[in-house]
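Welcome! Here is a short tour of a model with two chains. Take a moment to look it over before reading on.

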Amino acid sequence: MEHQSHITLPKGSIEKTTTTLNIGPTHPATHGVFQNIMEVDGERVVSTEQTVGYIHRAFEKLAERRPLYQITPITDRLNYCSSPINNMGWHITCERFLNLTLPKRVDYLRVIIMELARISDHLICNSIVGVDTGAYTGFLYVMQYRELIYEIYEEVCGSRLTTNIGRIGGFERNFTNTAFTKLEKFLNEYPKVLREFENLFARNRIFMDRTQGTGGISAERALNYGFTGPNLRATGVDYDVRVQQPYSSYQDFDFKVPVGTTGDNYDRFLVRNAEMYESISIIKQAYQKIQNFKGAEAEVYHADVPEYYLPKKEDVYTKMEALIWHFKIIMGEIDLPKGQIYSAVEGGNGELGFYLISDGGRTPFRLHFRRPCFIYYQAFEELIKGGMLSDAVVTMSSLNLIAGELDA
Amino acid sequence: MALTNETIQNKLIEKFGDQVLNFSTASGILSFESPKELNLKVLQYLYEEPILGFTFLTDLCGVNYPDNTGAELVVVYHLHNFSENIRLRFSVSTPIDETAVFTASKLFESANWMERETYDFFGINFIGHPNLKRILNVDEMDYFPLRKQYPLEDQTRIDKDDEMFGRG
């Protein structure tokens, strides 16, 4: 038999030196569904095309027929690792639009919940980076503290992941003593655990080799790509909505905005870790401030805005007027004022903006969500180009992409 | 000298005259409009003029006003000057049957996907865009779902087969 040294291609075909690799659509843990069509040369990534939209649910269209309160559960499903921030971002947008002022205690309670949400969000992201670099222990270890955070949510609003927490004007109920006890437990135990978690990774040779110098971006490019949040701060730009446009009385708190230098995976990890320490410090300050309220002030958990704040449940079940108000508020029988507003909060992974246009009807005329994930995921190709395929995986998890937010 | 909304407005009027119009301030953000042919010139001026420095595109989205004949579709840009910490809203409008608007993706990389999203939902044709195709919806879709001509299903309709919806 004649030995054939080379495969003869059919006439007219083009010989390719790279391989097309279809990654996904997969469901990598909690991040959601992603697909990447990559062009790889050996193990090096030449180019990639991201496909998004697998869990697109048309939130912006849905919102056009929903009164304000019915939009809150939609916002849960954006970044579901930190839904309370989205809920409160939406309520803050409504309050700004309706010109409501809130008592300080409500603001501080909100700050506690939002910072807990930030911790749980960063915790997932950083521990998943660990998993993708081969260290599963950290992930399993910190999960029990995410669980504790979820128990605090549960104590406040009754649910855990898609929280639908709070009301326009405050909270649905005052924090119970159990909630505060759990918060104290968290504040006592978590810093130690976080320190341990950091020790597992930050100076770990394998982890450093895998993350340093991979997935990096310069500050200038990051700004041009519309990066916000920890990913932007890892490049050295200290932009934080909590500082630049304080909401919910963030100006009353003393905290640092940690920044990195190179914007690579390692810096993103460090920035998120440092932010968790800052969050703990903010929660401690807020808890201290709450304990300083005395008398009637110490029981305030919502603003006095009967047009938008739902009446108490026991009244709804027993009193006619409360029932009518409940119905009117939920069904949006109170027309909104005309106008438009852009309002942003610092979400788990960047500036989460709500652009609300009202034509004076019961529902928004148009509601647009500025989803940080969606905007910075475009840079993925630039981040991983020329790198190894396995680094692309780490880069993806260190960007903290949440498909719910990406696809809206 | 801190940058104020008045300064921005005066600079813009000085440069573009009566081509920039409808200035208003709502909840602290200055908003204005311009003819759609000028959108890139205005964005570039805001970007490059040293004292303005709006180098960050926060958000780009479309809006459909079906009753504004001749200007049914609007593209809204939210810009941000980080060092002065000031936001700006700029919009251009286009008729629904002639939806060409210049792309901002050469100036801002971030506009790439945001414009694709706006195309996907409103059918605004961004001239010069490197890869203008649907992003969140399926490629086969032949309409632009966020336009107001496509209402959501009537919640009170009764012609549905209840059994199919678990209500039988």
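Let's begin with a helix in chain B: α3(B) lies across β3 and β4 of chain B, running at about 5 degrees to β3(B). Keep in mind as you read that this is a predicted model.

- Helix α3 of chain B covers residues 111-122, which gives it 12 residues.
- From its first C-alpha to its last, α3(B) reaches 15 Å, close to the 16 Å expected at 1.5 Å a residue.
- Is this helix mostly covered or mostly open? It is mostly covered, since 12 of its 12 residues count as buried.
- Among the buried residues of α3(B) are B:W113, B:Y119, B:F121 and B:F122, and the list also includes B:E115, B:R116, B:E117 and B:D120.
- What covers the buried residues of α3(B)? The cover includes β3 (56-64), β4 (73-81) and β7 (125-127) of chain B, together with α14 (372-376) of chain A.

- Chain B has an open sheet of 5 strands, in the order β1-β2-β5-β4-β3, and the pairing is mixed.
- At the edges of this sheet are β1 and β3 of chain B, each of which pairs on one side only.
- Neighbouring strands of the sheet are turned by 20 degrees against each other on average, with direction ignored.
- β1(B) and β2(B) pair in the antiparallel sense over 4 bridges.
- Within this pairing, B:T25 has B:L30 in β2(B) as its bridge partner.
- Helix α1 of chain B, residues 5-16, lies across β1, β2 and β5 (86-94) of chain B, and runs at about 15 degrees to β2(B).

**Chain B as a whole**

- How many helices and strands does chain B have? There are 3 helices and 7 strands.
- Along the sequence, these elements follow the pattern α-β-β-α-β-β-β-β-α-β.
- The C-alpha atoms of chain B fill a box of roughly 70 × 35 × 30 Å along the principal axes.
- Of the 168 residues in chain B, 39% are buried.
- Among contacts in chain B between residues at least 6 apart in sequence, 48% join residues at least 24 apart.

**Chain A as a whole**

- Chain A contains 17 helices and 6 strands.
- Its C-alpha atoms fill a box of roughly 95 × 45 × 40 Å along the principal axes.
- In chain A, 47% of the 408 residues are buried.
- Among contacts in chain A between residues at least 6 apart in sequence, 71% join residues at least 24 apart.

**Where the chains meet**

- On the chain A side, 29 residues are in contact with 26 residues of chain B.
- Elements of chain A that each supply at least two residues of this side include α1 (59-63), α8 (219-224), β4 (338-347), β5 (350-359), β6 (366-370) and α14.
- Sorted by class, the side of chain A that touches chain B has 11 nonpolar, 10 polar and 8 charged residues.

**A hairpin in chain A**

- Strand β2 of chain A, residues 34-41, runs antiparallel to β3(A), and 7 bridges join the two.
- A:I37 stands opposite A:E49 in β3(A).
- β2(A) and β3(A) form a hairpin with 2 residues between them, and A:G42 in the turn has a positive phi of about 65 degrees.

**Two residues with positive phi**

- A:A58 is a residue other than glycine, yet its phi is positive, near 55 degrees.
- A:A58 lies in the loop between β3 (44-51) and α1 of chain A, and it counts as partly exposed because it has 17 C-beta neighbours inside 10 Å.
- B:S27, also not a glycine, has a positive phi near 40 degrees.
- B:S27 sits in the loop between β1 (21-26) and β2 (29-34) of chain B.
- Why does B:S27 count as partly exposed? The reason is that B:S27 has 13 C-beta neighbours inside 10 Å, whereas a residue needs 20 or more to be buried and 12 or fewer to be exposed.

Key:
Residues are numbered from 1 along each chain as its sequence is written. Chains are lettered from A and ligands numbered from 1 in the order in which they are written. This is a predicted model: local features need pLDDT of at least 70, side-chain atom pairs count only at pLDDT 80 or more; totals for chains, interfaces and linings use all residues. Two residues are in contact if their C-beta atoms, placed from the backbone, lie within 7 Å. The expected span of a helix is 1.5 Å times one less than its number of residues. Ala, Val, Leu, Ile, Met, Phe, Trp, Tyr, Cys and Pro count as nonpolar, Asp, Glu, Lys and Arg as charged, and the others, Gly among them, as polar. Two strands pair if DSSP finds at least two bridges between them. Axes are lines fitted to C-alpha atoms, for helices over the stretch in contact, and angles run from 0 to 180 degrees between N-to-C directions.
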